[in-house]
Amino acid sequence: MKSTFIPCLLLTLCLPGSVLALTSGAVPFAVEQAVPPAMKVPQPSPDRRIWRGTPIRVDLPLNSEHIIRFPGATRLRSGLLGGPVPGLRVQVLDDHLYLLAKEPFAATRMIVQTGAGPAVLLDLAADERFPTGAPLEILTAAPASSNINPADQSWNEDTPPAQEAPEPVGYVAMIRYAAQSLYAPPRLIPRAGIITQAPLPDRGPVALLRGTPLEATPVASWRAEGPQSPLWVTAVKLRNLSQRPVVLDPRDLRGQWRAASFQHARLSASGEETDTTTVYLISDRRFAEAVAPWQPVPAKVTAP
């Protein structure tokens, strides 16, 4: 590049497409071509969903990490109801959950604790046919903030504050509480005062389902105040006794139930690893009272 000497001049000019620098002291000036700014790759917008008490389905493609963010989470923890899943890697960092599936697996339920917020249920499944989706954001309902200025409040310090009545508990919250109490890791077991364990005197097998060769055994029961009346949730273990798979149908249940939720909808043949599951039954009375009218009564044998 040819240099030109310009004495005793101090001047800076900026022209479109170039930078022209002139300085004093008879130094050469040089013309440099401007470097265009680096092009930014657009990031996919997150898929935002709101937790409303219904399990959120998450499809995982194989060998592609899926990121789930829980905005506002203070202490994120996760656990799988059915135990570890082969080929699934789970990592937690701050308010992010990183999932990587290396092998396909059927629907598996995960519980995610968000700290001060509510617990969230995810239904995970992995398959090579699932496309790679955008990052997922799950929003939980935040408690309503008070707009009352403390300076405007007045009360008598000698008067104790009024005790607020506990909020009614719904079906989903009771079933989630029962499932966590039985199958979640110890660090995720809930501690709630509004749902308490109820006595379950008879833990023997009951004839719970009609037309299916299943053994039904009550495991545990809990009680809470519902929106209109007290509610009970009872966990019953189901085991397939036949050599054929069984598809579970809530219409085959005997008893007076407000709601029912099977942990798995299909049982393998007897003797296989997946021949057992749990059903959670919601009733407005104790388990024994809800199922009693439909239990077979042994015939009385009288002596001639």
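Reader: Quick one to start: where does Leu209 lie?
Author: Leu209 is in the loop between β13 (195–198) and β14 (214–225). Strands are DSSP runs of E with at least two residues, helices are runs of H or I with at least four, and both are numbered from the N terminus. Keep in mind that this is a predicted model, where local features need pLDDT of at least 70, side-chain atom pairs count only at pLDDT 80 or more, and totals for chains, interfaces and linings use all residues. Residues are numbered from 1 along each chain as its sequence is written, and side-chain values use heavy atoms, with hydrogens and water left out.

Reader: OK. Is Leu209 buried or exposed?
Author: Leu209 has a relative accessible area of 9%, so it counts as buried. The cut-offs are under 20% relative accessible area for buried, over 50% for exposed, and partly exposed in between, using a 1.4 Å probe and protein chains only.

Reader: And what is it in contact with?
Author: Leaving aside neighbours within four places in sequence, Leu209 is in contact with Leu214, Leu238, Leu248, Asp249, Asp252, Leu253 and Arg254. A contact here means heavy atoms within 4.5 Å. Leu209 and Arg251 are 42 residues apart in sequence, with their C-alpha atoms 8.8 Å apart in space.

Reader: Switching to the overall picture: how many helices and strands?
Author: There are 2 helices and 19 strands. Of the 304 residues, 34% are buried. Among contacts between residues at least 6 apart in sequence, 62% join residues at least 24 apart.

Reader: Which residues have the most contacts inside the largest nonpolar core?
Author: Those are Ile68, Phe70, Leu97, Leu122, Leu124 and Ile138, in a core of 43 residues. A second, separate core has 19 residues, including Ala216, Leu238, Leu267 and Leu281. By nonpolar core I mean a set of buried Ala, Val, Leu, Ile, Met, Phe, Trp, Tyr and Cys residues joined through side-chain atoms within 4.5 Å. In soluble globular proteins, nonpolar side chains tend to be buried together.

Reader: What does Ile68 touch?
Author: Not counting residues up to four places away in sequence, Ile68 touches Val58, Asp95, His96, Leu97, Leu99, Leu122, Leu136 and Ile138.

Reader: Leu136 is on that list. Where is it found?
Author: Leu136 is in strand β12 (residues 136–139). It is buried, at 3% relative accessible area. Beyond four places in sequence, Leu136 touches Asp47, Arg49, Val58, His66, Ile67, Ile68 and Arg69. Its C-alpha atom is 6.0 Å from that of Arg48, 88 residues apart along the chain.

Reader: New topic: what's the volume of the largest pocket?
Author: About 1000 Å³. On a 1 Å grid over the protein atoms alone, a pocket is an open set of points with protein on both sides within 12 Å along at least five of seven lines, whereas a cavity is a set where a 1.4 Å probe fits but cannot get out; lining residues have an atom within 4 Å of a point. Points are joined across faces, edges and corners, and the volume is the space filled by probe spheres set on them.

Reader: How does the lining divide into nonpolar, polar and charged?
Author: The lining has 17 nonpolar, 11 polar and 6 charged residues. Ala, Val, Leu, Ile, Met, Phe, Trp, Tyr, Cys and Pro count as nonpolar, Asp, Glu, Lys and Arg as charged, and the others, Gly among them, as polar.
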